[in-house]
Amino acid sequence: MRIAFLTGAGMSAESGVPTFRDALTGLWARFDPERLATENAFRRDPALVWGWYRWRAALVAKAQPHAGHAGIARLQDRHDVRVVTQNVDDLHERAGSRGVAHLHGSLFASRCIGCGSRVDPDPIASGMEAVPAEGAREPPPRCTACGEAIRPGVVWFGEALPADAWDAALDAVRACELLVVVGTSGLVHPAAALPALARDAGRRVLEINPDATPLAALAHASWRMKAGEGIARLGQALARGEPIA
Ligand code: OAD
């Protein structure tokens with residue numbers, strides 16, 4: 001079967017990486033995106049923003065993919081699987097998924113805010129034994145080519161998505177028979193438009209999320225369970241040839 005996955009922060013939650021909008025524990029419940037996740041914020045206070053993304057990169061570096069990530073990667077052996085993620089971590093890749101489209105960029109793809117040069121090795125992942133504490137400042141390194149600041153490789157509010165990742169997402173949705181949407185609140189566009197595109201194109205849509213979301217209105221089925229459990233159930237249903245959604 002041709003299966004596309006669209007994953008969000010809930011996919012990484014069981015690995016210990018915080019989501020954005022869960023009450024109390026979500027990053028946007030504890031931190032102000034206006035101060036941390038826009039280009040203006042970075043230009044205003046680069047050390048605050050760089051320190052915060054270094055802290056997040058360290059959380060991700062310590063985290064391990066869980067059984068759900070591994071379950072998606074295993075499906076590649078028997079099915080045509082494409083993975084599109086809003087997550088800026090590398091847990092799908094570390095579990096063995098190939099060709100993951102990162103709609104919101106990557107924590108591990110820092111680049112110069114001036115000339116766009118990438119830095120090798122990525123400075124966000126270096127010196128992980130001395131990462132800033134939560135909320136602490138650390139000045140970003142400077143580009144050796146032009147002297148401007150190095151910025152995290154993530155998509156900030158108000159920025160366009162990387163064109164190659166968006167094209168890959170559209171291809172995945174068009175090519176699939178089943179779109180499985182895992183662990184996203186379905187609130188951030190344009191990623192949030194993908195399930196409706198799939199449904200309008202006649203694809204089946206399954207949602208896996210323990211909590212109710214607006215996606216339930218258009219999904220053919222919503223499994224109210226965590227990613228790990230839902231993907232295990234999906235793997236079993238596919239192996240038995242049972243209808244999914
Ligand atoms: P959200 O934090 O908005 O939503 C996470 C979703 O995961 C919620 O619907 C939770 O119910 C669900 N969830 C929590 N634990 C789960 C689990 N164990 N298994 C499955 N689902 C679980 O995160 P996103 O939808 O990914 O953008 O947010 C989209 C974008 O908003 C992010 O990529 C980020 C943020 O601002 C940028 O940074 C550009």
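Modeller: Helices (H or I, at least four residues) and strands (E, at least two) are DSSP runs, numbered from the N terminus. By that rule, the protein chain here has ten helices and eight strands.

Biologist: Good start! What should I know about the model itself?

Modeller: The model is predicted, so local features need pLDDT of at least 70 and side-chain atom pairs count only at pLDDT 80 or more, while totals for chains, interfaces and linings use all residues. Numbering runs from 1 along each chain as its sequence is written, and side-chain values use heavy atoms, leaving out hydrogens and water.

Biologist: Which residue has a positive phi although it is not a glycine?

Modeller: Most residues other than glycine have a negative phi. Here leucine 24 has a positive phi of about 70°. Leucine 24 sits in the loop joining H1 and helix H2 (27-30).

Biologist: And which peptide bonds are cis?

Modeller: Most peptide bonds are trans. In this chain, the bond from aspartate 120 to proline 121 is cis, with omega near 0°. Proline 121 belongs to the loop between strand S4 (111-112) and strand S5 (150-151). Histidine 189 and proline 190 are also joined by a cis bond, where omega is about 5°. Proline 190 falls in the loop between strand S6 (178-182) and helix H9 (194-200).

Biologist: On to the ligand. Which residues come nearest?

Modeller: A residue is near if one of its heavy atoms lies within 4 Å. Of the 23 residues around the ligand, Ala9, Arg21, His104, Thr184 and Ser185 come nearest. Helix H1 (residues 9-13) gives the largest share of the shell, with three residues.

Biologist: How does the shell divide by residue type?

Modeller: Into nine nonpolar, nine polar and five charged residues. Asp, Glu, Lys and Arg count as charged, Ala, Val, Leu, Ile, Met, Phe, Trp, Tyr, Cys and Pro as nonpolar, and the others, Gly among them, as polar.

Biologist: Which side chains have an N or O atom by a ligand oxygen?

Modeller: For threonine 184, a side-chain N or O atom is 2.6 Å from a ligand oxygen. For aspartate 211, that distance is 2.9 Å. Asparagine 209 also places a polar side-chain atom 2.9 Å from an oxygen atom of the ligand. Taken alone, the ligand exposes 790 Å² (Shrake-Rupley, 1.4 Å probe), and the protein buries 93% of that.

Biologist: Finally, what are the spans of the C-alpha trace?

Modeller: Along its principal axes the trace spans about 55 × 35 × 30 Å.

Definitions and conventions: Polar contact = N/O pair within 3.5 Å; in protein donor to acceptor, adjacent residues only side chain to side chain.
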